[in-house]
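Colleague: I would like a close look at one part of this model. Please keep it brisk.

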Amino acid sequence: KYAVFSVGHGGVETLVGNCRLPLTQYGGMKWAKTLSSLDSIDAVARTTDGSYYIAGSTEGVIYSAGNDIAVVKLDCVGNLAYSFVIRTWEDDKALGICPSGDGGFFLTAQTKEFGDKSLHGWIIRFDANASIVWQKYSQRFAKSPKITDGNGLVALDEDNVFELDADGNVVRQNKYSSPSGQLSLEAVSATTDNGWWVAGVHNEG
């Protein structure tokens, strides 16, 4: 089972397996939704209007060698706004999802959709109609994506933090290290003064 928890003004929402169970502040369930298009859930993001973007995996069709990425959008009461599957020839996995400032969203993933069969990072920006605006491939794996004031994206890759503008160009990036032990960054968020909040795990060497 997969579980994601978030706390908002209206109470607590929890996502367990393929069911989203929003709870009131007293623990009562507001609604439940079964997402039959997903075999697993990898990322969830809540928008300012209370709707949800959910990214996960679904079994590939005959021509696919592995799992494909499925994206679902629900409104604030759990009704399906849309859903779609990104089909490739290889095994793909969503790493993160976040709304953009124009009604669309960013999806970050990993894919083997290259001839060398090694894992590559994949960042896609969608517009409000879920059409692809641009997509980028790289050796970088973008996780914990967050929107910036400039409608761009800030995300993590192990011990790196990098920021893209609204067109997908790299604006800046920083590599963080520890003089003693191994540092693994786990979460990032853009601040109002053009900075970053970064959290991670430090293992002593």
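This is a predicted model: local features need pLDDT of at least 70, side-chain atom pairs count only at pLDDT 80 or more; totals for chains, interfaces and linings use all residues.

Is threonine 58 buried or exposed, and why?

Modeller: Threonine 58 counts as buried, because its relative accessibility is 11% and the cut-off for buried is under 20%. The residue lies in strand E6, which covers residues 52-59. Leaving aside residues up to four places away in sequence, threonine 58 touches Ser37, Asp39, Asn67, Asp68, Ala70, Val85 and Arg87.

Now the open sheet. Four strands form it, in the order E9-E10-E11-E12, and the pairing is antiparallel. Strand E9 (92-99) and strand E12 (132-138) are the edge strands, and each pairs on one side only. On average, neighbouring strands of this sheet are turned by 15° against each other, direction ignored.

Next, the E10 and E11 pair. Strand E10 spans residues 105-111 and strand E11 spans residues 120-126. The two run antiparallel, and seven bridges join them. Phenylalanine 106 stands opposite arginine 125 in E11.

Then the loop between E11 and E12. Alanine 130 lies there. Its phi is positive, about 65°, although alanine 130 is not a glycine. Most residues other than glycine have a negative phi. Alanine 130 also counts as buried, because its relative accessibility is 17%, again under the 20% cut-off.

Key. Residues are numbered from 1 along each chain as its sequence is written. Side-chain values use heavy atoms; hydrogens and water are left out. Two strands pair if DSSP finds at least two bridges between them. Axes are lines fitted to C-alpha atoms, for helices over the stretch in contact, and angles run from 0 to 180 degrees between N-to-C directions. Buried means under 20% relative accessible area, exposed over 50%, partly exposed in between (1.4 Å probe, protein chains only). Contact means heavy atoms within 4.5 Å.
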